[in-house]
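Welcome! Please take a look at the structure below, and then let us walk through it together.

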Amino acid sequence: MKRISVTVSLNRSTLQFDDAAYARLENYLAESTSLLEGDPDPQEILSDLEQAVADQCTRRLRPDQTVVTLAELLPALEEIGSVQTPTASVAPEQATRGASRPLQQVSEGAVISGVCQGLARYFGLNVTALRIFAVLLLLVTGGGVILVYFALMLLFPYAPLESGVQPLRWLPAKSRALTEFLRAKLSLATS
Amino acid sequence: MIVESKLAPIRKGLLEFLVLKIVGARSVYVPDILRRLAGTEFATQEGTLYPLLSKLRREDLVKYDWQESDAGPPRKYYRLTDAGRAQLAALDEYWNRINHTIADMGH
């Protein structure tokens with residue numbers, strides 16, 4: 001025995017889908033639901049989309065055909081397109097900018113050189129919690145973490161300084177100068 | 001291509017204005033709007049239009065009535081509310097002002 005089709009109720013229409021088309025449809029609707037997160041009235045839009053899918057698929061069925069397959073569903077979804085919310089035009093760009101930000105040291109507001117701030121920003125952690133953890137590590141490793149810090153300080157590039165903010169405090173400025181000095185020495189020694 | 005992408009945010013922003021214009025001309029359902037925009041710089045898809053219409057309805061600029069169709073389930077026919085009509089007139093006027101500014105610039 002084999003299940004041939006699933007009966008799907010789409011807003012005001014009822015259609016038969018085969019398993020593959022049903023899975024794709026479920027996926028499309030789940031994706032739309034998550035894209036509409038934050039919209040005050042997602043239910044209305046989802047009903048409209050369901051109706052659009054039903055209309056588009058019905059139009060594509062041959063006269064003798066009763067079950068919707070991927071051959072009808074895929075071009076239908078292509079024509080409907082994925083959900084674009086009217087206000088979301090800026091948000092995705094900001095999100096990708098955040099995600100692609102490299103590991104950097106952040107001098108502004110740094111305690112030493114900005115390694116903790118850079119790590120916190122990259123991994124989305126609370127910087128104070130990370131600093132407390134670093135101090136605990138310092139005690140546990142008997143100072144070994146200082147070497148790690150120093151290595152990271154040499155390895156991580158500095159994030160560009162934001163213009164228009166107050167000048168760096170004493171230690172971050174010194175750390176930055178020291179790092180730059182050591183990097184110059186190292187590149188001289190290796191070249 | 002470069003020209004198109006430079007003005008992409010403007011096109012996106014103007015879609016709402018154009019949808020108000022289309023709905024303002026006569027009562028329409030979504031495939032009418034899509035057909036009207038197809039082949040223009042503002043061609044769009046249902047995935048974009050439904051969320052936009054939902055927003056316009058929430059802002060009380062458009063409303064819809066159900067109308068029976070010969071084939072298939074009843075359809076939502078959209079038209080402007082009084083607030084929508086006022087907004088469209090204001091947008092039209094502002095757009096004309098912008099066009100004049102652009103035309104005058106560089107003379």
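## Chain A at a glance

Chain A holds eight helices and three strands. Here helices (H or I, at least four residues) and strands (E, at least two) are DSSP runs, numbered from the N terminus. Reading from the N terminus on, the order of elements in chain A is β-β-α-α-β-α-α-α-α-α-α.

This is a predicted model, in which local features need pLDDT of at least 70, side-chain atom pairs count only at pLDDT 80 or more, and totals for chains, interfaces and linings use all residues. Residues are numbered from 1 along each chain as its sequence is written, chains are lettered from A and ligands numbered from 1 in the order in which they are written, and side-chain values use heavy atoms, with hydrogens and water left out.

Chain A has 191 residues, and 32% of them are buried. Buried means under 20% relative accessible area, exposed means over 50%, and partly exposed lies in between (1.4 Å probe, protein chains only). The chain exposes about 11,900 Å², and 62% of that comes from carbon and sulfur atoms. Such areas are computed by the Shrake-Rupley method with a 1.4 Å probe; for residues, only the protein chains shown count as cover.

Now for contacts, meaning heavy atoms within 4.5 Å. Of the contacts in chain A between residues at least 6 apart in sequence, 55% join residues at least 24 apart.

Is A:Ser175 buried or exposed? A:Ser175 is buried, because its relative accessible area is 5%. You can find A:Ser175 in helix α8 (residues 170-190) of chain A. Leaving aside residues up to four places away in sequence, A:Ser175 touches A:Ile112, A:Ser113, A:Met153 and A:Tyr158.

A:Phe123 sits in helix α5 (residues 115-123) of chain A. With 51% relative accessibility, A:Phe123 counts as exposed. A:Phe123 and A:Leu103 are 20 residues apart along the chain, and their C-alpha atoms are separated by 9.1 Å.

## Salt bridges

How many salt bridges are there over all chains? The count comes to 14, where a salt bridge is a side-chain nitrogen of Lys or Arg within 4 Å of a carboxyl oxygen of Asp or Glu. In chain A, one of them joins the side chains of A:Arg62 and A:Asp64, at 3.5 Å from N to O. A:Asp64 counts as exposed, at 62% relative accessibility.

B:Asp32 pairs with B:Arg35 in a salt bridge whose closest N and O atoms are 3.0 Å apart. These two are separated by about one helical turn, because B:Asp32 and B:Arg35 are three residues apart in helix α3 (residues 30-37) of chain B. B:Asp32 is buried at 14% relative accessibility, whereas B:Arg35 is exposed at 56%. Another salt bridge brings together the side chains of B:Glu59 and B:Lys55 (3.4 Å, N to O). Here B:Glu59 is partly exposed, at 39% relative accessibility, while B:Lys55 is buried, at 14%. Elsewhere, salt bridges that share partners join A:Asp41, A:Glu44, A:Asp48, B:Arg57 and B:Lys76 into one network.

## Cysteines

What is the count of disulfides over all chains? The count is zero, a disulfide being a pair of cysteine sulfur atoms within 2.5 Å. A:Cys57 is buried, with 0% relative accessibility. A:Cys116 also counts as buried, at 13% relative accessibility.
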